[in-house]
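Hi,

Here is the model I promised to pass on. Could you have a look at it, and then read my notes below?

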Amino acid sequence: MSFKKTYAKEVDGGIEASTAISPTSPISASAYAAEATEAVNPNVALIKVYNEFYNTEGNLVFREEVYSEVREKTWDWDWNDTASQFSGVASDYKPSLEGYNLLGVDPSWNYLNLGRVNEFVFKYIEDAEVTVKVINEFYDTDGTSLLSREEKLSEKHNIGRTVIYRATNFGATTIRRSFDYMTGLSHCWIDNYRLDGYNCCMIFIDSARDREVIFKYVKKAPANVKVYTELYDTDKTTLISRKEQLSEQYTVGDSYNYQAADYAPLEDSFLMPYSNNSYAGWFSSGEDYEFVFKYIKGTEKVKVEVVNEFYDTDGTTLLSRDVVLSEERWVGEKYCYDPLSYLPSGTDFFSGEP
């Protein structure tokens with residue numbers, strides 16, 4: 001089977017992208033009037049590599065075919081991973097026009113489809129310099145009232161470049177490791193202003209227009225932490241009382257450690273909480289925090305004795321038995337008795353199962 005080479009002529013005006021050029025989008029079918037080609041055999045993959053040239057406004061001005069290859073599938077076993085995919089590097093297909101910069105992805109790679117033309121396109125844009133400015137904007141607590149605007153950087157870049165800017169390079173501080181993996185946001189601050197958005201901004205310089213990278217900061221409203229105790233009846237659902245035990249302001253980045261034992265109710269009939277026994281960590285945002293310890297009402301008490309039993313070297317002959325602790329505990333209450341805490345000093349005995 002033979003393939004007829006196609007020729008394309010430039011259309012006045014070219015293609016105008018919505019935001020200049022999309023580095024990965026294919027050329028529009030209406031951009032060129034191409035000669036008809038023969039249908040591609042279902043067992044053949046036709047590969048064509050093109051260079052496309054855009055002016056500084058992002059309009060396509062010229063397209064050239066720089067490589068063509070036919071790959072044929074003869075048997076199932078010979079259409080392996082190597083034969084069924086194609087990759088190319090822009091430098092292997094030197095553009096015919098000078099004064100253009102590569103735009104977008106390099107290398108170009110994809111799996112091949114049999115029975116069709118597989119196009120691989122490298123895009124170039126006419127060389128020019130643009131100005132990129134990085135600006136910090138500070139807003140009031142409502143997030144809409146602009147208080148001040150600071151230009152932090154102004155620099156020139158050639159068209160075709162991809163540039164990354166991080167808020168932490170322009171005055172922001174990350175409060176420990178408080179990164180939200182669900183949203184991709186990290187908590188960054190400048191004084192009492194929190195970054196509203198992403199710490200990292202990546203821009204494609206794809207046209208000859210100046211760009212602004214804006215990091216928006218919102219003033220922190222007064223933030224408080226409150227600790228509550230809730231007392232529940234024996235059913236664990238009927239709330240008897242709720243009391244505020246602590247109210248204080250905090251600084252983002254401060255650590256905290258609240259223990260249920262420190263806020264246990266004075267009433268003897270309530271057990272330790274059936275929810276969280278403690279809260280520990282650090283304050284990672286400027287929002288209010290609320291911690292709640294829940295306690296349930298006891299139903300009955302049981303007598304608990306801690307006993308030391310001393311055995312002979314055979315481990316079976318009981319020598320003595322001493323009650324070292326006797327107390328009442330609520331049914332459902334957690335307990336922990338460490339044997340070493342009750343072992344008499346200066347003894348030749350050690351703790352273990354008899």
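For the chain, the mean pLDDT is 80, and 80% of the residues reach 70 or more.

Some housekeeping. This is a predicted model, so local features need pLDDT of at least 70 and side-chain atom pairs count only at pLDDT 80 or more, while totals for chains, interfaces and linings use all residues. Numbering runs from 1 along each chain as its sequence is written, and side-chain values use heavy atoms, with hydrogens and water left out.

Now the fold. The chain has zero helices and 21 strands; helices (H or I, at least four residues) and strands (E, at least two) are DSSP runs, numbered from the N terminus. Of its 354 residues, 33% are buried, meaning under 20% relative accessible area with a 1.4 Å probe, protein chains only. The exposed surface comes to about 21800 Å², with 47% supplied by carbon and sulfur atoms (Shrake-Rupley method, 1.4 Å probe). Among contacts with a separation of 6 or more, 63% are between residues 24 or more positions apart.

The sheet I'd look at is an open one of four strands, in the order S2-S1-S6-S4, with mixed pairing; two strands pair if DSSP finds at least two bridges between them. S2 (60–72) and S4 (100–103) are at the edges with a single partner strand each, so one side of each has no neighbour in the sheet. Ignoring direction, neighbouring strands are turned by 30° against each other on average (axes are lines fitted to C-alpha atoms).

S1 (residues 44–54) is mostly covered: eleven of its eleven residues are buried. Val-44, Leu-46, Lys-48, Tyr-50, Glu-52 and Tyr-54 point one way, Ala-45, Ile-47, Val-49, Asn-51 and Phe-53 the other. S1 runs antiparallel to S2, joined by eleven bridges, and parallel to S6, joined by ten bridges. Asn-51 sits opposite Glu-64 in S2, and its bridge partner in S6 is Phe-122. The S1–S2 hairpin has five residues between the strands, and Gly-58 takes a positive phi near 90° there.

Which residues touch the most other members of the largest nonpolar core? In this core of 24 residues they are Val-132, Tyr-165, Ile-203, Ile-205, Val-213, Phe-215 and Tyr-217. A nonpolar core here is a set of buried Ala, Val, Leu, Ile, Met, Phe, Trp, Tyr and Cys residues joined through side-chain atoms within 4.5 Å. Two or more residues come from each of S7 (129–139), S9 (162–166), S11 (185–190), S12 (193–195) and S14 (211–219), and S7 gives the most, with four. Beyond its neighbours within four places in sequence, Tyr-165 has contacts that include Val-132, Leu-153, His-157, Phe-170, Cys-200 and Phe-215. Apart from this core lies another, of 18 residues, among them Val-225, Leu-231, Val-252 and Tyr-289.

Cheers

Terms used
Buried < 20%, exposed > 50% of the residue type's maximum accessible area, 1.4 Å probe, protein only. Contact = heavy atoms within 4.5 Å. pLDDT = per-residue confidence, 0-100. Axes fitted to C-alpha atoms, helices over the stretch in contact; angles between N-to-C directions.
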